[in-house]
Amino acid sequence: MGVLGAYNVPNVSTALYYGIHNLQHRGQEGSGMATFTEDGKCCRHRGLGLVDSVFDEQSIGSLKGNIGIATVRYANTENGGLNNVQPLFFRHSSGDFVVACDGCLVNAKHIMEMLEETGNVLQTNLDSELLALLIKKKKNEDRIVNIINALNIMEGGFTFLIMTKNRLYACRDKNGIKPLCIGKLGDGYVVSSESCAFEIMGATFLRDIEPGEIICFDNKGMRSNFYSCDCHRRICAMEYIYLARPDSDIDGCNVHAYRKEAGRRLFRECPADADIVVGVPESSLSAAMGYSEESGIPYEMGLVKHKYMGRTFIQPEQQQRELGVKLKLSPVHSILKGKRVVLVDDSIVRGTTSLKIVKLLREAGATEVHVRIASPMMKFPCYYGVDTSTFEELLCSNRTLEEACRVIGADSLGYLSPASTEASTFGCAQPCQACFTGEYPVELG
């Protein structure tokens with residue numbers, strides 16, 4: 001999921017449209033946008049599919065105002081469909097407002113039961129709706145107090161954007177598991193899941209929103225509050241490893257630089273005797289470059305990605321993911337034929353994609369395929385927003401390294417250690433590695 005907000009930006013829908021293009025990698029199942037006009041009317045447009053298929057000149061033109069929120073999202077089998085495409089709009093006597101969320105609450109069921117006991121009826125299964133019901137304010141109440149109280153109830157990894165007709169709030173969970181940053185655009189501000197959205201909008205990166213911080217943008221400028229004193233910098237390691245774009249900076253660390261350093265460390269820990277290094281496009285290419293530079297083994301483009309395919313990991317159905325591999329990647333036969341190949345990938349989740357890719361390389365003439373993974377073995381489910389919620393769907397949850405190697409059909413298999421995963425951030429963060437180590441920063445409900 002990717003979220004993008006803007007305050008005091010003329011023709012805000014156009015700016016958000018361009019910015020959300022640069023967050024498309026965070027989800028291809030749907031996209032949405034909402035704005036408030038100067039007279040306080042909310043305009044909203046949502047749809048299923050890529051940004052270009054959801055928005056056109058007419059829909060962008062209908063979204064008037066200088067304050068807005070836009071999203072892209074991926075869905076699993078439990079929360080697909082148009083009703084679950086954000087941002088969500090809520091009408092209330094104290095003033096209409098809009099909410100969007102990236103991440104996942106681990107105590108959502110408890111909050112849902114609490115809300116239902118007080119007579120609330122839920123229309124979706126999204127955390128955004130839970131927050132919206134918790135922050136509905138009475139007359140003369142200050143909404144920031146309601147937001148602080150609501151966030152103190154919520155546990156998990158999340159970022160929230162909340163928009164009223166004249167304010168934009170940006171909130172990050174107290175462990176900083178999900179990323180959120182601020183940019184300056186003219187006399188206004190933008191907030192984004194990743195800094196890669198800023199340049200295309202003409203915005204300048206200011207800073208990351210701190211764990212536990214709530215930023216309010218209004219006619220008084222930018223103001224900061226913290227909803228918790230117990231804050232930690234535990235950004236999700238998968239943001240650096242897979243989810244984010246290489247041109248994004250997250251908590252002071254550039255994603256490309258992280259991945260390249262991880263590739264260098266991967267060779268030191270898991271060397272291989274081979275002729276060429278091949279990266280799996282796109283998120284593994286930086287790590288493959290690092291592996292090649294550290295090892296002295298030439299880097300080659302042995303796999304070509306079809307430009308107009310989505311990311312196979314974030315497609316909701318397993319069958320779609322498996323079909324997507326062949327549609328997504330083509331081997332370069334003349335590069336691979338007769339070669340011993342080090343195949344560098346960012347991670348292995350279910351193993352089906354790795355099996356298909358190893359098979360593609362062998363069919364193209366590779367004599368050996370040594371798979372090297374620029375992250376640790378994924379052994380535990382993630383409950384904070386990455387779509388791996390059960391042990392059964394993880395290749396390495398109950399397999400040894402040798403067993404996993406046999407499943408994917410490789411000649412050898414090696415993983416980066418958790419220590420090197422943290423060290424690759426250059427000291428910028430102590431990333432959450434719960435899916436690798438089982439050490440969850442937030443207690444599970």
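Where is Thr37 found? I looked there to begin with. Thr37 sits in the loop between β2 (30–36) and β3 (42–48). I keep in mind that this is a predicted model.

**Entry: Thr37.** Buried or exposed, I asked of Thr37? I found a relative accessible area of 12%. Buried means under 20%, so I log Thr37 as buried. Next I looked for its polar partner. The side chains of Thr37 and Asp39 are joined by a polar contact of 2.3 Å. Then I set aside residues up to four places away in sequence. Thr37 still touches Cys43, Lys64 and Gly65.

**Entry: the sheet.** I traced an open sheet of six strands. I read the order as β5-β6-β7-β8-β12-β13, with antiparallel pairing. Which strands stand at the edges? They are β5 (88–90) and β13 (221–226). Each has a single partner strand, so one side of each lacks a neighbour in the sheet.

I then went to one pair inside the order. Strand β8 (residues 168–172) runs antiparallel to strand β12 (residues 213–218), and four bridges join them. Within this pair I located Cys171, which stands opposite Ile214 in β12.

What lies across these strands? I found helix α6 (residues 143–153).

**Entry: helix α10.** I listed the buried residues of α10 (residues 285–295). They are Leu285, Ser286, Ala287, Ala288, Gly290, Tyr291 and Ser292. What covers them? The cover includes α9 (255–269), β16 (276–279), β19 (340–345) and β20 (368–373). I also checked the residue just after α10. Gly296 takes a positive phi there, about 80°.

**Entry: Ser420.** I found Ser420 in helix α15 (residues 418–423). Its relative accessible area is 7%. The cut-off for buried is under 20%, so Ser420 counts as buried. Which residues does Ser420 contact, leaving aside its neighbours within four places in sequence? I got Arg265 and Glu269. With Glu269 there is a polar contact between the two side chains, at 2.7 Å. Ser420 and Ile111 are 309 residues apart along the chain, and their C-alpha atoms are separated by 37 Å.

Notes:
Residues are numbered from 1 along each chain as its sequence is written. This is a predicted model: local features need pLDDT of at least 70, side-chain atom pairs count only at pLDDT 80 or more; totals for chains, interfaces and linings use all residues. Side-chain values use heavy atoms; hydrogens and water are left out. Helices (H or I, at least four residues) and strands (E, at least two) are DSSP runs, numbered from the N terminus. Buried means under 20% relative accessible area, exposed over 50%, partly exposed in between (1.4 Å probe, protein chains only). Contact means heavy atoms within 4.5 Å. A polar contact is a pair of N or O atoms within 3.5 Å; within protein, one must be able to donate a hydrogen and the other to accept it, and residues adjacent in sequence count only if both atoms are side-chain atoms. Two strands pair if DSSP finds at least two bridges between them. Axes are lines fitted to C-alpha atoms, for helices over the stretch in contact, and angles run from 0 to 180 degrees between N-to-C directions.
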